[in-house]
Amino acid sequence: MEILEQLLAQAEAEDNVLLQRVISQYLAMVKRLQGRLDAFEVWLEGQDTLTTAEVLNSPLYKALLEEYEAEMQDYSSWLATELRAEVTRSGEAGLIAGITLLAAVTGESTSALTQVGFNALDALNVYLANDGELMKRIRGAAGFGADTIKQIIINGVGLGKNSAKIANEILERGFGVGLTDALRWTRTLQNYSYRWANLASYEANGITSWMWWAKLDDRTCASCISLHGQIFPISDGVANDHHNGRCAMLPYVEGMTVNVNAGREWFDSQSEAVQKDILGAGKWEAYQAGRFTFDKLSTTYNDEVFGVMRREATLKE
């Protein structure tokens, strides 16, 4: 559907503006911490033998951790403020997109459809509350990262790793875990804000169902492919695919031509190499042998931040 592709491309471009800021702010923080890490690395390199206790009691270790925690607390506060603003922006974009899609599906003009104000999106307050799981995790990122860095150092010293290797692990895993989490939270919150706004537009205009629409390419997981073309009632809430998911929700109007097997048919039309790349060799062989049907490829799990989400089922499942 061309109009949907245009809307999704526009949304992705706007979302990427914040994602780039999240990355830039984080890299600037890491650059400020680099001096502390370099000093700690030089100190480690100059010691013949060290016990774990001696390392953990060293002033340079304590300075590195204290500086990291202070920087991460500042970054977490910045991220929380940015995400609250982003929910409003993504939500407003989703309201406009919902009305645009409805006009395309029903043939009505956008002015003839019921417009919904952002204040109607109460579902989004769950993500923004200070006592909610998302904000708790953002505020707790400093402590989690500090624990990771401490464990890297303890393990490295215990195994006799050289100072450069320990420093690299701190840089890649200790510092890196915070950026990975920040990007995942940002992208998923953008998606969910946009979808809840879509849903509000549909419901306000009497739409009772929506169609799961996956972006079908070599990056799409089997769960999303299997759901492509499926119809869901408004009461089910939004498309709850995995973190960083790219799926969309089309308004479904009675009488629309629907192919509920669209995802399976697309998969079956791909080459054997592409199919194996998507499923993995073992799961592909089981599918070809008829050991499970394509609709079983999606399963649910409970995420503490976003609630029930979907992912690809394992072969055992």
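The crossing of helices H6 and H7 is right-handed, a term used when the near helix is turned clockwise from the far one by less than a right angle. The model is a predicted one, in which local features need pLDDT of at least 70 and side-chain atom pairs count only at pLDDT 80 or more, whereas totals for chains, interfaces and linings use all residues. Residues are numbered from 1 along each chain as its sequence is written, and side-chain values use heavy atoms, with hydrogens and water left out.

Helix H6 spans residues 141-158 and helix H7 residues 163-174, and the two pack at an angle of about 155° with their axes 10 Å apart; helices are DSSP runs of H or I with at least four residues, numbered from the N terminus, and axes are lines fitted to C-alpha atoms over the stretch in contact, with angles running from 0 to 180 degrees between N-to-C directions. H6 is therefore roughly antiparallel to H7, the word for angles over 145 degrees. To the contact (heavy atoms within 4.5 Å), H6 contributes Gly145, Thr148, Ile149, Ile152, Ile153, Gly156 and Val157, while H7 contributes Ile166, Glu169, Ile170, Arg173 and Gly174.

Helix H11 (residues 272-279) packs against helix H12 (residues 281-288) at an angle of about 115°, with the axes 7 Å apart. H11 and H12 are therefore roughly perpendicular to each other, as angles of 65 to 115 degrees are called, and their crossing is right-handed. The contact involves Glu272, Gln275, Lys276 and Leu279 of H11 together with Ala281, Lys283, Trp284, Tyr287 and Gln288 of H12.

Note on methods:
Parallel < 35°, antiparallel > 145°, perpendicular 65-115°, else oblique.
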